Amino acid sequence: MQYQRKILITGGAGNIGGALAGCLAKDPANYVVVVDDLSTGSATKLPDPKLPNWRFIKLDVNEQPAIASVMTSTAFDYVFHYAAVVGVQRTLNHPLLVLRDIEGIKNILELSKNTGVRRVFYSSSSEVYGEPFEIPQNEHTTPLNSRLPYAIVKNLGESFFKSYEQEFGLAYTIFRFFNTYGPRQSEDFVLPKMVAAALTGKPLTVYGDGSQTRTFCYVDDNIETTRRALYDDLLINETANVGSDHEVTILELAKMVAHQAGGTALITHLPPLPEGDMTRRCPDISKMKAILGRELVPLRLGIERLIKSKRG
Ligand SMILES: NC(=O)c1ccc[n+]([C@@H]2O[C@H](COP(=O)([O-])OP(=O)(O)OC[C@H]3O[C@@H](n4cnc5c(N)ncnc54)[C@H](O)[C@@H]3O)[C@@H](O)[C@H]2O)c1
């Protein structure tokens with residue numbers, strides 16, 4: 001079978017990678033290979049098993065021989081490098097594991113260069129901005145104030161992608177993802193954690209007074225933006241924020257979840273986190289909006305979908 005696009009997705013058994021793989025595998029013009037070590041991902045997040053045009057290989061992208069065997073046996077047109085150690089607590093507790101992800105970035109870029117990949121897509125993070133100097137955070141004007149290993153790795157990763165383009169002409173797109181949620185996100189993260197607590201009669205926990213703000217992007221908006229960047233040849237050699245620009249405080253979020261889940265859940269406050277809990281975060285998403293050409297999924301609707309999916 002002659003496919004229009006052969007696509008590799010690392011971290012494709014995760015929240016965002018799995019949703020992307022599922023979306024791209026629905027198009028019979030694509031052949032999709034997902035690699036993932038299942039450290040935080042799960043086989044349940046992989047595409048529909050009835051679809052014939054995708055396969056899964058369990059491997060660690062930081063191990064060069066493992067990823068080399070996949071990338072030299074199929075000539076991929078596009079690579080989405082989404083595999084990474086994620087989660088605030090996990091990344092704070094395991095800084096060396098986080099730093100090891102630099103190996104995966106180098107493996108993907110070197111192999112992409114050597115095997116004729118047409119474009120590499122990288123999942124960077126809002127964390128590269130560190131404590132916000134300006135709101136909204138803009139791809140070009142906001143300084144990168146990365147301090148923690150997770151953010152430093154993402155920042156260095158961006159530099160590697162840009163340098164491979166500069167020296168070898170390997171086209172890239174850097175997505176700076178801001179908080180992205182959906183039914184497949186693990187309960188290590190704030191919104192699914194709150195929904196799970198509210199639905200099981202447990203209190204919703206908030207760090208500090210809950211005045212820190214966040215934005216929450218429904219996963220469908222993320223996937224639609226990245227899919228169009230691929231299909232319509234957009235954001236070539238560019239960096240783009242991908243998230244929501246609707247800012248809410250964590251306390252407001254807890255109240256929304258409690259209300260939408262039935263209104264009986266209690267909210268309790270824990271001491272503030274010692275590090276890694278930024279006061280504000282809100283992206284400038286002009287580039288994303290121009291690509292999407294529609295309103296983002298409202299938070300209230302996203303929470304409703306999350307509650308529905310958890311209730312089963
Ligand atoms: N979800 C967000 O809000 C958000 C925000 C900013 C950046 N990101 C970035 O987006 C990407 C996807 O995140 P996610 O939210 O889907 O998290 P996730 O944990 O659901 O997905 C990451 C996937 O990578 C896999 N993985 C980790 N290390 C690996 C390795 N060495 N080899 C192979 N597979 C490996 C995990 O098993 C998991 O399936 C990550 O790079 C993350 O840093 C996510």
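1. Two residues are in contact here if their C-beta atoms, placed from the backbone, lie within 7 Å. On that basis, 21 residues of domain 1 are in contact with 15 residues of domain 2. On the side of domain 1 that touches domain 2, at least two residues each come from α1 (15-25), α3 (88-93), β10 (217-218) and α8 (219-231). The largest share is that of α1, with 3 residues. By type, this side of domain 1 has 10 nonpolar, 7 polar and 4 charged residues.

2. The model is predicted. Its domain assignment gives domain 1 as 5-179 + 217-242 and domain 2 as 183-215 + 246-282 + 295-311. Between the C-alpha centres of the two domains the distance is 26 Å.

3. The largest nonpolar core holds 83 residues, and V32, V120, M194 and V257 have the most contacts inside it. Domain 1 and domain 2 both give residues to this core, so it lies between them. In soluble globular proteins, nonpolar side chains tend to be buried together. For V120, the contacts beyond four places in sequence are V79, H81, I108, L109, S112, F161, L170 and Y172.

4. Helix α6 (residues 149-168) has 20 residues, which at 1.5 Å a residue should span 28 Å; the end C-alpha atoms are 27 Å apart, in agreement. The buried residues of α6 are Y150, A151, V153, K154, G157, E158, F161 and Y164. Viewed down the helix axis, the buried residues of α6 fall within an arc of 165°, so they line one face. On the face turned away from that buried side are the exposed residues S159, Q166 and E167. Cover for the buried residues of α6 comes from elements including α3, α4 (95-99), α5 (101-114), β5 (119-125), β6 (171-177) and β11 (238-242). Just after the helix, G169 has a positive phi of about 75°.

5. Helix α8 has 13 residues and reaches 18 Å from first to last C-alpha, close to the 18 Å expected. Buried in α8 are V219, D221, N222, I223, T225, T226, A229 and L230. D233, with a positive phi near 55°, follows the helix.

6. Some backbone values deserve a check. Most residues other than glycine have a negative phi, and most peptide bonds are trans. L38 is not a glycine, yet its phi is positive, near 60°. This residue sits in the loop between β2 (30-36) and β3 (54-58); L38 counts as partly exposed because it has 14 C-beta neighbours inside 10 Å. L235 is likewise not a glycine and has a positive phi of about 60°. L235 belongs to the loop between α8 and β11, and with 23 C-beta neighbours inside 10 Å it counts as buried. The peptide bond from I135 to P136 is cis, its omega near 0°, and P136 lies in the loop between β5 and α6.

7. A last point concerns A197, in helix α7 (residues 190-199). A197 counts as buried because it has 22 C-beta neighbours inside 10 Å, where the cut-off for a buried residue is 20 or more. Leaving out residues up to four places away in sequence, A197 touches K202, P203, L204 and A265. From A197 to V242 the separation is 45 residues in sequence and 28 Å in space, C-alpha to C-alpha.

Notes
Residues are numbered from 1 along each chain as its sequence is written. This is a predicted model: local features need pLDDT of at least 70, side-chain atom pairs count only at pLDDT 80 or more; totals for chains, interfaces and linings use all residues. A nonpolar core is a set of buried Ala, Val, Leu, Ile, Met, Phe, Trp, Tyr and Cys residues joined through C-beta atoms within 7 Å. A residue is buried if 20 or more other C-beta atoms lie within 10 Å of its own, exposed if 12 or fewer, and partly exposed in between; C-beta atoms are placed from the backbone. Domain bounds come from an automatic or database domain assignment. Helices (H or I, at least four residues) and strands (E, at least two) are DSSP runs, numbered from the N terminus. Ala, Val, Leu, Ile, Met, Phe, Trp, Tyr, Cys and Pro count as nonpolar, Asp, Glu, Lys and Arg as charged, and the others, Gly among them, as polar. The expected span of a helix is 1.5 Å times one less than its number of residues. The arc is that of the directions from the helix axis to the C-beta atoms.
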